[in-house]
Amino acid sequence: MATDFKFIPLIDVSPLLEKWDHPNITQDEGVAQVVRQLDQACREAGFFYVKGHGIPDSLMKDIKNIAREYFHQPYEEKIKIKLSAETGYRGYQRIGENVTKGVPDKHEAIDCYREVNHGMYEGLGDVMQGSNICRPSNPPNFKQLMEVYIDRCTDLSRKIMRGIALALGGSADEMEGEIGGDPFWVFRIIGYPAASISNGHDKAHDDVGCGAHTDYGLLTLVNQDDGIVALQPNFDAAVEPLDVCLQKTGGTKNFEGAVYGKHLVSKVTTNFIM
């Protein structure tokens with residue numbers, strides 16, 4: 001359980017990325033230090049900053065710049081890729097359409113998911129069936145840039161999860177296979193408008209960019225704008241306590257199991273005002 005913490009830890013994951021598939025990964029002191037830091041961060045804070053992640057700064061800046069360019073377009077252009085049930089819940093949603101606990105959020109966004117073909121996850125994946133063809137052609141290189149970025153983030157997430165698996169006392173590939181070996185990624189590009197001002201100094205009570213929530217997946221990577229203070233798993237994975245965790249509780253399950261895709265579908269079908 002997370003405890004009170006004074007700051008979000010910063011972890012250099014480069015040793016883990018260098019040795020992520022090494023047969024003797026557990027014997028590397030650099031990796032061991034990263035694992036200790038991940039363990040402490042996940043237990044005490046639940047968040048951590050990452051450096052040494054290997055994603056070029058130029059790519060991260062390009063992603064933010066092209067997102068700004070898209071959101072600055074006229075509404076008539078953005079709505080051409082409107083999110084709906086027919087698009088598999090992929091596409092654009094305007095400010096106030098995303099709902100958290102029944103309250104409209106003050107942000108606009110583009111939602112993308114791993115593409116799902118018919119029958120890919122049997123009946124479980126029907127709601128999410130579709131492809132991200134709704135990605136806009138304006139800006140012109142939007143689609144290509146996002147695909148490169150998603151690939152890099154997915155690869156990074158997989159390697160960080162190997163470190164977290166070690167932190168739990170399991171093997172590096174503890175979460176590969178059915179849990180994380182073929183990840184179902186969720187990608188959100190979010191634009192937050194400037195908060196309105198009441199009486200010249202206080203924020204209006206309803207200007208909440210996104211209400212308190214937990215994210216859909218196993219691990220979330222955030223690439224936020226500079227100077228702004230704020231803060232991916234398999235679709236049909238049956239999420240159960242790991243054996244290494246059960247050993248620590250004497251075989252007692254403290255939480256019930258869940259199927260990730262079922263949880264995700266329950267979220268995407270209730271989070272939007274159509």
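Reader: Hi! Where does Glu122 lie?
Author: Glu122 sits in strand β7. Keep in mind that this is a predicted model.

Reader: And what is its phi like?
Author: Glu122 has a positive phi of about 55°, although it is not a glycine. For background, most residues other than glycine have a negative phi.

Reader: Is Glu122 buried or exposed?
Author: Glu122 counts as exposed, at 65% relative accessibility.

Reader: Which other residue has a positive phi without being a glycine?
Author: Lys101 does, with a phi of about 55°. Lys101 lies in the loop between β4 and β5 (103–104). At 73% relative accessibility, Lys101 counts as exposed.

Reader: How many aromatic pairs does the structure hold?
Author: Five aromatic pairs. There is also an aromatic cluster, formed by Tyr70, Phe71, Tyr92 and Phe142.

Reader: Thanks! Let me change topic to charges. How many salt bridges are there?
Author: The count comes to 15 salt bridges. In general, side chains of opposite charge can pair when their charged atoms come close.

Reader: Let's take Lys82. What is its partner, and how far apart are the atoms?
Author: Lys82 forms a salt bridge with Glu97, and their closest N and O atoms are 3.0 Å apart. Lys82 is in the loop between α4 (75–78) and β3 (91–93) and Glu97 is in the loop between β3 and β4 (99–100), so this pair ties together parts that are 15 residues apart in sequence.

Reader: Which Arg side chain meets Glu97 in a salt bridge?
Author: That is Arg94, with 3.6 Å from N to O. Arg94 is partly exposed, with a relative accessible area of 40%.

Reader: I also see Glu176. Which side chain does it meet in a salt bridge?
Author: Glu176 meets Arg158, at 3.1 Å from N to O. The pair links distant parts of the chain, with Glu176 in the loop between α5 and β8 and Arg158 in helix α5, 18 residues apart. Glu176 is buried, with a relative accessible area of 18%, whereas Arg158 counts as partly exposed at 35% relative accessibility.

Reader: Nice. Now helix α7: which residues are buried there?
Author: In α7 (residues 260–268), the buried ones are Tyr260, Gly261, Leu264, Val265 and Val268. They cover an arc of only 130° around the axis, which puts them on the same side of α7.

Reader: What do they pack against?
Author: The buried residues of α7 pack against β6 (108–113), β8, β11 (238–239) and β12 (258–259).

Reader: Cysteines next. How many disulfides does a search of the whole structure find?
Author: Zero disulfides.

Reader: Are Cys42 and Cys112 buried or exposed?
Author: Cys42 is partly exposed, with a relative accessible area of 36%. Cys112 is buried, with a relative accessible area of 2%.

Reader: Last bit, the overall picture. How many helices and strands are there?
Author: The protein chain comes to seven helices and twelve strands. Of its 274 residues, buried ones make up 39%.

Reader: And what does the accessible surface come to?
Author: About 15,800 Å², of which 53% belongs to carbon and sulfur atoms.

How values were computed:
Residues are numbered from 1 along each chain as its sequence is written. This is a predicted model: local features need pLDDT of at least 70, side-chain atom pairs count only at pLDDT 80 or more; totals for chains, interfaces and linings use all residues. Side-chain values use heavy atoms; hydrogens and water are left out. Helices (H or I, at least four residues) and strands (E, at least two) are DSSP runs, numbered from the N terminus. Buried means under 20% relative accessible area, exposed over 50%, partly exposed in between (1.4 Å probe, protein chains only). Accessible areas come from the Shrake-Rupley method with a 1.4 Å probe; for residues, only the protein chains shown count as cover. Rings of Phe, Tyr and Trp (its six-membered ring) pair if their centres lie within 6.5 Å; planes under 30 degrees apart count as stacked, over 60 as edge-to-face and the rest as tilted. The arc is that of the directions from the helix axis to the C-beta atoms. Contact means heavy atoms within 4.5 Å. A salt bridge is a side-chain nitrogen of Lys or Arg within 4 Å of a carboxyl oxygen of Asp or Glu. A disulfide is a pair of cysteine sulfur atoms within 2.5 Å.
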